[in-house]
Amino acid sequence: MKVLEMNHIKKRFGDLEVLRDISFSVEEGEVVSIIGPSGSGKSTLLRCAVMLEKIDGGAFSYIGEKAAWEKDGSVVYADKKKIKEIKSNFGLVFQSFNLFPHYTVMKNITDAPINVQKRNKSEVMEEALVLLEQMGLSDKADSYPYQLSGGQAQRVAIARALALRPKMVFFDEPTSALDPELTGEVLKVIKSLTEMHMTMVIVTHEMKFAHDISDRMIFMDEGVIVKDCSPEHMFNSDNQRLNAFIGKIEGGY
C-alpha cells in the first residue's frame, strides 16, 4: 500500500524554482532517506509533503486520499476537514526540536492526542509513559525542555510525533543541531523504529546511517531527483555528481 504518493511536484519562491517536476512514492513499512547538497530542495520537498508549504504544480495523496491536485492550471487543496484527516496520517520531527518551552515533557507528548485527536486522557498518558521508556527518558516526564540535552529534546520530539499514532513519520535533518555524541543517541532511536516497521522519510546528511537503515535512498540536486534506488546502488553509482557529493560529506562513507 502506498502511504504517500507525490506526482510532478513543483515549487518556486519568487523567480527561484526550488522543486522541478518531482515524483516519488513511499510504501507502507518503507524507510526512504533523502540526501543531497544544501539548496537541493530536500527540506522544501518535505515541507510541501506535510503542507507547511503549498505546491505550485503537481498532486499528492496519502493512502489514496487526495491532498492537492491541479485544476484549470492551478493547484487546489482538499477542504479543511479532509486536510485534518489527511494530516493525522503523519508525524513530523524537526531539526530544531520545536518543543513547547512552557510545557513539561509529558504535556508536550500528550497535548495533541488529548486536545486535537480527542482521545481518552488516561489511555494517552499510559502510551506516553511507554514511549518515554522506549526513548530512555522515563525519568524526564516532569522536566521542562530547558532542562534537557539536545539529544534528549530530540527524543522527546520523536515521542511526541509517535504519540499521534501516525502511519508514517518525516524527519527533517534530525541530528543537524546535535554534537556527535548526542547524534548517536537519536540515530539509535530512529533505528529502533525500523524494527517496528515504521514508515519513515528521513532528510539526512548521515550517510552511513542512511545506508544502513534505508530500503531506498533518493539523491536530489538542483530541485530534481537525480537517483532513486537501493542504498547499495546509491553507493556504487557511476554518477559523477552523486559521487562528488558523497565524497565531500565529512568522513565520506
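Reader: Where does K118 lie?

Author: K118 sits in the loop between α3 and α4. Helices (H or I, at least four residues) and strands (E, at least two) are DSSP runs, numbered from the N terminus. This is a predicted model, where local features need pLDDT of at least 70, side-chain atom pairs count only at pLDDT 80 or more, and totals for chains, interfaces and linings use all residues. Residues are numbered from 1 along each chain as its sequence is written, and side-chain values use heavy atoms, with hydrogens and water left out.

Reader: What makes K118 exposed?

Author: Its relative accessible area is 65%. Exposed means over 50%, buried under 20%, and partly exposed in between (1.4 Å probe, protein chains only). K118 is therefore exposed. Phi of K118 is near 60°, a positive value in a residue other than glycine.

Reader: Where is E222, and why does E222 count as exposed?

Author: E222 is in the loop between β10 (216–221) and β11. Its relative accessibility is 55%, so E222 counts as exposed. Phi of E222 is also positive, near 50°, in a residue other than glycine.

Reader: Why is S61 called buried?

Author: S61 has 13% relative accessibility, so it counts as buried. The residue belongs to strand β4 (residues 57–62).

Reader: Which residues does S61 touch, not counting those up to four places away in sequence?

Author: They are V3, L4, E5, K66 and A67. Contact means heavy atoms within 4.5 Å.

Reader: Why is K227 called partly exposed?

Author: K227 has a relative accessible area of 25%, so the label is partly exposed. K227 is part of strand β11 (residues 224–229). Beyond neighbours within four places in sequence, its contacts are M217, I218, F219, H233, M234, S237 and L242. K227 and N239 are 12 residues apart in sequence, and their C-alpha atoms are 8.8 Å apart.

Reader: What makes a set of residues a nonpolar core?

Author: The members are buried Ala, Val, Leu, Ile, Met, Phe, Trp, Tyr and Cys residues, joined through side-chain atoms within 4.5 Å. The largest such core here has 36 residues. Those with the most contacts inside it are I109, I158, L162, F171, I190 and M200. Elements giving two or more residues to this core include α3 (105–115), α5 (150–162), β8 (168–172) and α6 (180–195). α5 gives the most, with seven residues.

Reader: Which residues is F171 in contact with, leaving aside neighbours within four places in sequence?

Author: F171 contacts L46, V93, I158, I190, L193, M200, V201, I202 and V203. A second, separate core of 33 residues includes L4, I9, I22 and F170.

Reader: How do you know that the radius of gyration agrees with a compact globule?

Author: The radius is taken over C-alpha atoms, and the globule rule is 2.2 Å times the number of residues to the power 0.38. For 253 residues, a compact globule would have a radius near 18 Å; the chain has 18 Å, so the two agree. Along its principal axes, the C-alpha trace spans about 50 × 50 × 35 Å.

Reader: What share of the chain is buried, and what is its secondary structure?

Author: Buried residues make up 51% of the 253. The chain has nine helices and 11 strands. Among contacts between residues at least 6 apart in sequence, 64% join residues at least 24 apart.
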